[in-house]
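Hi everyone, thanks for making time for this. Please have the sequence and the picture open while I talk, and stop me whenever you like.

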Amino acid sequence: MSKTFKRFYAQAQAVAAESGFAIHLDGKPVKTPRGRPLAAPSLALAEAIAAEWTAQDEMVVPATMPLTQLASTALDRVGPERAHITGELMTYAGTDLLCYRAEIPVDLAARQTRDWQPLLDWAALTFDAPLVVTTALQAVAQPPQALAALERSLDRTDVWRLTAIQSATAALGSLVLALALAEGRLTAAEAFELSQLDETYQIEQWGEDYEAADRRAALAADIAAAARLLDLLQA
């Protein structure tokens, strides 16, 4: 669901259903792009999705409905293609942003160590997944046992949380940061700031152009939506 279309309904509501809580428009179930009933496992999430539909004006703009899009992704892609999604996430784990450090400028290198290393230490303790840090330009091989531990954690994660982790990982460039967000170790704002550490340093030196600002805003919005999904799953 990516194109805008004219609003055709008066009311959106969450309704108890066999699959959890379905979203209905004027009493009729909403379908995902692949034709599945749009539903959520918690009433709080279903009501938030319904609120996105209610908030639409004369035209329905899917880009303004992040929870609807995440729910559709969970139902249409992450559930049916779970092994593929996990494989994508493990690619991020193998080249995690937090593992690649600068040598110069020295103040940037110090900032990376100060801000990123505690998250790698947390991942090592929480998931038994110690990852290797490098200052080299080429990719570094991560310990197979650490990658296997991260994969086991993903395998234990339900489809909806995995959807949030997948979306956050893509926006953050780091599986470790996404897992920290999912586990409540970081807020969305903190995760975004850590993922943008290098970019923020460059902005401090040279300023920021409009395109970069728009890109950063879009990434921050994606991370915030993933965090909200996680919160609503527990509500």
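Let's begin with helix 6 and helix 10, which are roughly antiparallel to each other, because angles over 145 degrees count as roughly antiparallel, under 35 as roughly parallel, 65 to 115 as roughly perpendicular and the rest as oblique. Their packing angle is about 165 degrees, and the axes are 9 Å apart. Axes here are lines fitted to C-alpha atoms, for helices over the stretch in contact, and angles run from 0 to 180 degrees between N-to-C directions. Helices themselves are DSSP runs of H or I with at least four residues, numbered from the N terminus.

Who makes the contact, meaning heavy atoms within 4.5 Å? On the helix 6 side, Trp160, Arg161 and Ala164 are among them, and on the helix 10 side the residues include Leu219, Asp222 and Ile223. Sorted by class, this contact has 11 nonpolar, 3 polar and 2 charged residues. For the classes, Ala, Val, Leu, Ile, Met, Phe, Trp, Tyr, Cys and Pro count as nonpolar, Asp, Glu, Lys and Arg as charged, and the others, Gly among them, as polar.

A quick word on where this comes from: it is a predicted model, so local features need pLDDT of at least 70 and side-chain atom pairs count only at pLDDT 80 or more, while totals for chains, interfaces and linings use all residues. Residues are numbered from 1 along each chain as its sequence is written, and side-chain values use heavy atoms, with hydrogens and water left out.

Now, how does helix 2 pack with helix 6? The angle is about 110 degrees, with the axes 9 Å apart, and the two are therefore roughly perpendicular. Helix 2 brings residues including Leu70, Ala71 and Thr73, and helix 6 brings Val159, Trp160 and Leu162 among them. By class, there are 8 nonpolar, 4 polar and 1 charged residues in this contact.

Staying in helix 6, find Thr169. Is Thr169 buried or exposed? Thr169 is buried, with a relative accessible area of 0%; buried means under 20%, exposed over 50%, and partly exposed in between, using a 1.4 Å probe and protein chains only. Its side chain reaches the backbone oxygen of Ile165 at 2.7 Å. Leaving aside neighbours within four places in sequence, Thr169 touches Leu89, Tyr92, Ser174, Leu175 and Ala178.

That takes us to helix 7, residues 175-182, where 8 of its 8 residues are buried. What covers them? The cover includes helix 3, helix 4, helix 5, helix 6, helix 8 and helix 10. At the start of helix 7, a side-chain oxygen of Ser174 comes to within 3.3 Å of the backbone nitrogen of Val176. Just after helix 7, Gly184 has a positive phi of about 80 degrees.

Back in helix 2, look for Asp76. Asp76 counts as buried, at 5% relative accessibility. The side chains of Asp76 and Thr32 are joined by a polar contact of 2.7 Å; that term means a pair of N or O atoms within 3.5 Å, where within protein one must be able to donate a hydrogen and the other to accept it, and residues adjacent in sequence count only if both atoms are side-chain atoms.

Last stop: Pro144, in helix 5. Pro144 is exposed, with a relative accessible area of 62%.

Note on methods. Contact means heavy atoms within 4.5 Å.
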